Amino acid sequence: MWRESQPTPVLDGAVPPQPAVVTMVEAGSIAEELGIQPGDKIVRINGVAPRDLIDYRILIGEEELTLAVVDPTGQHHCISFEKDMDADLGLEFSEALFDGLRQCNNRCPFCFIDQQPMGKRSTLYLKDDDYRLSFLYGSYLTLTNLTPTDWQRIETQRLSPLYVSVHATDPDLRCRLLRNKRAGLILQQLEWFARRRLQIHAQVVVCPGLNDGRQLQRTLRDLARWGAGPWPTVLSTAVVPVGLTRFRPAAAADLTPVTPPLARQVVAQVEALQAEFNPHLGSRFAWLADEWYLMAAQPLPPRSTYEDWPQQANGVGSIRAFLEALDQATAQLPPALPTPRRCSWVVGGLVGPALRPVVERLQGVRGLELLLHALPSPYWGQNLVVTGLLTGADLMDGLAGRDLGDQLLLPSVMLRHGSPLFLDDLTVDQVADRLGVPILPVADAQGLVTACLGA
């Protein structure tokens, strides 16, 4: 048994980290052999307290390790062992950040966090702007809250690529959009990344009348200048429409939603720029989120235009990727079901038309009836909404009194990761009870097909 008698060395950071709480131990892993169990806390690795999952992964890369562990009873243990270089221990933790979340210091009027009703679970109101989460999971940050120590760590640990919300390269306009004087440093920050051969993926949220038109043209061309060469600084750019809800604060009163005519204008503008960029960058470089095509009532681009899906997690090509996955999942459908089956599939009103071919393909199986319900969102005050924003209340309102068949298939993107909660804090069971039908969350195309076939 080991007990601490000296202060714990901590890697440089603003907040002392908390111990990393183990939630899962992989079967047959090094950690299981060492006797580590869920509920144990990793305090130090080779004498250093990791600040986050990045530090943890770097620290465990050594061949010789000494772990300081506290078990659920409060007992301290010192575990020393050898392993192969870079071999994983097989642990998962309750949090990725052990020293706390970096909060956003901007006041963007289009921020979706500020456009929610009050009184829901606290995590819905967290405004993260954390470069560690950007590196680990691809979440977007603005670079406005980084300290000199943060910049040094990004360089030293080579935290690349990061995902950056640019919105505009005009310094004055970016300060206006983010309502932060530090926002105007974006071009100097891109130069900083370039000098160190570090890379980013960029995002532009288009607010009509502010950063569209000539400003959008300037932003994308500015970013494309950083996209050339054998080691480009900017790898890709996503162009995303602003999302406005009926709960938006007074500060956002002058913002206007995207209209179908504007969507068609932006599609034409960005596709022309793609044709301009492709010859000298070897890439289209800038891509439109799927919503632009859906709002413009235009077909989605073919698979080849998305290249290696650099912005799929940002809604760029996600529907095309789903349709491609569906082609694979439906390659060998049975001609008929042994027992007739009727079920419903609910999606956001914006994506319904693009998914109707999916329904037609599955309806080709004799005995299967699939009902597609493309719903608006009275909760957010949006008629055309993406699937992930539908709430439990929207389902209760939109599906009340309808014949939903034997089961309601629910895209799991509507739910909090790892839980049955909708964005309005209603649960799957509550909605199922109200609608009087079993609800089955499905995660992907294969899950949809399997559920439809009753497997």
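**Terms and their grounds**

Author: Gly282 comes directly after helix α8, and its phi is positive, near 70 degrees. The model is a predicted one, in which local features need a pLDDT of at least 70 and side-chain atom pairs count only at pLDDT 80 or more, whereas totals for chains, interfaces and linings use all residues. Residues are numbered from 1 along each chain as its sequence is written, and side-chain values use heavy atoms, without hydrogens and water.

Reader: What makes α8 a helix, and how many residues does it have?

Author: A helix is a DSSP run of H or I with at least four residues, and a strand is a run of E with at least two; both are numbered from the N terminus. Helix α8 covers residues 260–281, which is 22 residues.

Reader: Why is Gln311 called buried?

Author: Buried means under 20% relative accessible area, exposed means over 50%, and partly exposed lies in between, with a 1.4 Å probe and protein chains only. Gln311 has a relative accessible area of 2% and therefore counts as buried. Gln311 is found in the loop between α9 and α10 (318–329), where its contacts include Tyr140, His201 and Ser236. In α8, the buried residues include Leu262, Ala263, Val266 and Phe277. Among the elements that cover the buried residues of α8 are α7 (213–225) and β8 (234–241).

Reader: What makes a set of residues a nonpolar core, and which residues have the most contacts inside the largest one?

Author: A nonpolar core is a set of buried Ala, Val, Leu, Ile, Met, Phe, Trp, Tyr and Cys residues joined through side-chain atoms within 4.5 Å. The largest core has 120 residues, and Leu91, Trp292 and Trp345 have the most contacts inside it. Helix α8 gives the largest share of this core, eight residues. Trp292 touches, among others, Val206, Val239 and Val266.

Reader: Why are β4 and β5 called edge strands?

Author: Two strands pair if DSSP finds at least two bridges between them. The five strands of this open sheet have the order β4-β3-β2-β1-β5, with antiparallel pairing. β4 (76–82) and β5 (91–93) each have a single partner strand, so one side of each is left without a neighbour in the sheet.

Reader: How do you know that β3 pairs with β4?

Author: Seven bridges join β3 (residues 64–70) to β4. At least two are required, so the two strands pair. Leu65 stands opposite Phe81 in β4.

Reader: What is the strand order in the sheet that holds β10?

Author: That open sheet has four strands in the order β11-β10-β12-β13, and the pairing is parallel. Three bridges join β10 (residues 336–348) to β12 (residues 407–411), and Leu408 in β12 is the bridge partner of Ser344.

Key: Expected span 1.5 Å × (residues − 1). Contact = heavy atoms within 4.5 Å. Lists of a residue's contacts leave out its neighbours within four places in sequence.
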